[in-house]
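The following paragraphs lead through the structure shown here, from its helical geometry to its strands, cores and charged pairs.

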Amino acid sequence: MSDFRHLDPSARGQLDLPDEERAGRMLIERFIMHERLVPVLDHIEFLIRMPSQTRANGLVVSGKPGSGKTMLSRAVLRRHPPTPAMAGRAAGQPVLAINMTNAREAKTLYSRILVRFGVPEPSRYSGSGRERMVIKLCRAANLRLLVVDEIQDILTTTARQQRIALDTIKFLMNELSLPILILGTSQAPAAMQVDEHLNARFKYRELPIWTRDAYLKNFLDALEKALPLRKPSYLSSPTLSTELTRLSRGVLQTIVQLVTHAAAHAVECGEDRITAALLERAMIEPPLAAARQAALQIELRRIDA
């Protein structure tokens with residue numbers, strides 16, 4: 001009898017679940033740390049931990065859609081969650097994330113920050129009052145990092161709107177001595193270069209497209225350990241890793257999606273391991289029953305909470 005050594009202990013603990021529930025567990029989002037993210041996360045931790053500087057700095061992380069920027073942002077937010085109020089100490093929020101999509105004016109950016117802080121009806125603030133409230137809340141929450149996603153969207157706006165967006169970011173950096181993490185597509189560097197003074201305060205890192213190398217092998221090994229399948233799939237074998245890179249074109253999000261969808265199919269059909277045929281199937285047929293089960297599990301946890 002197998003001792004399921006191909007799985008992490010947490011995944012082994014799910015093997016006794018009913019098959020339909022186990023298939024649903026395959027689709028629940030999970031963060032798999034990999035070696036390519038370590039230097040990026042280390043740089044972000046440096047920005048957060050660094051004592052306040054008169055001239056705050058930042059980091060731009062770019063990559064093609066699906067390269068892992070959203071997973072990175074969520075990982076940072078999970079590492080630095082809000083802290084509740086305690087005796088003599090206000091509630092804190094070390095990291096806050098906003099999105100630049102359709103942000104044409106400073107008031108939009110400020111309103112999005114207020115929403116993230118849980119301010120009801122931020123539209124009731126206007127002009128300098130909105131700006132002052134943002135500054136007040138950031139200081140009260142001891143904000144240590146602002147994450148700004150989809151920065152490339154400013155390139156679709158007018159030159160005036162681009163200046164407003166970047167000036168707002170620069171103002172927050174200066175007024176709060178606040179480091180900024182910028183996320184975007186391969187056009188992100190071009191967006192930042194609109195303001196040469198702001199651009200000079202940022203370092204740049206790019207998330208790569210994946211190929212069949214040691215990085216991919218280690219990532220697939222870690223991902224396989226997290227999926228509660230009774231039989232080893234050997235995802236990092238030449239056969240399956242080649243198939244994955246072919247089907248996904250090296251995009252991380254697609255790799256993860258193919259593997260997790262194939263894992264759900266594997267449970268539902270009784271195979272209980274991922275095969276090349278199931279990866280092909282996952283490319284064209286989403287595991288609908290498993291998705292329904294995953295949604296049910298999330299709802300049950302929400303009710304229990």
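The expected span of a helix is 1.5 Å times one less than its number of residues. In this predicted model, helix 12 (residues 252-269) has 18 residues and should therefore span 26 Å, which agrees with the 26 Å between its end C-alpha atoms. Since 13 of those 18 residues are buried, helix 12 is largely enclosed by the rest of the structure. Gly270 follows helix 12 and has a positive phi, near 85°.

Strand 1 (residues 58-62) is likewise largely enclosed by the rest of the structure, because five of its five residues are buried. In a regular strand, side chains alternate between the two faces of the sheet. Here Gly58, Val60 and Ser62 point one way, Leu59 and Val61 point the other way, and all are buried. Strand 1 pairs with strand 4 in the parallel sense over five bridges, and Val60 stands opposite Ile182 of strand 4. Strand 1 also pairs in the parallel sense with strand 5 (residues 202-206), over five bridges; there the bridge partner of Leu59 is Lys203.

The largest nonpolar core comprises 37 residues, and Val148, Ile151, Ile169, Ile180 and Ile182 have the most contacts inside it. Among the elements that each supply at least two residues of this core are strand 3 (145-149), helix 7 (159-176) and strand 4 (180-184). Helix 7 gives the most, with six residues. Beyond its neighbours within four places in sequence, Val148 is in contact with residues including Ile98, Met100, Ile169 and Ile182. Another core, of 30 residues, lies apart from this one and includes Ala23, Ala226, Leu252 and Val259.

The charged side chains complete the picture, with 17 salt bridges found in the whole structure. Arg79 and Glu45 form one of them, with their closest N and O atoms 3.7 Å apart. This pair links distant parts of the chain, as Arg79 lies in helix 4 (residues 69-79) and Glu45 in helix 3 (residues 38-49), 34 residues apart. Arg79 is partly exposed at 42% relative accessible area, whereas Glu45 is buried at 17%.

Glu280 and Arg246 meet in a salt bridge at 2.6 Å, N to O. Because Glu280 lies in helix 13 (residues 276-284) and Arg246 in helix 11 (residues 238-248), this pair ties together parts that are 34 residues apart in sequence. By contrast, Asp167 and Lys170, joined by a salt bridge at 3.9 Å, N to O, both lie in helix 7, three residues apart, about one turn of the helix. Finally, Asp19, Arg22 and Asp272 are linked in a network of salt bridges.

Technical notes: Residues are numbered from 1 along each chain as its sequence is written. This is a predicted model: local features need pLDDT of at least 70, side-chain atom pairs count only at pLDDT 80 or more; totals for chains, interfaces and linings use all residues. Side-chain values use heavy atoms; hydrogens and water are left out. A nonpolar core is a set of buried Ala, Val, Leu, Ile, Met, Phe, Trp, Tyr and Cys residues joined through side-chain atoms within 4.5 Å. Buried means under 20% relative accessible area, exposed over 50%, partly exposed in between (1.4 Å probe, protein chains only). Helices (H or I, at least four residues) and strands (E, at least two) are DSSP runs, numbered from the N terminus. Contact means heavy atoms within 4.5 Å. Two strands pair if DSSP finds at least two bridges between them. A salt bridge is a side-chain nitrogen of Lys or Arg within 4 Å of a carboxyl oxygen of Asp or Glu.
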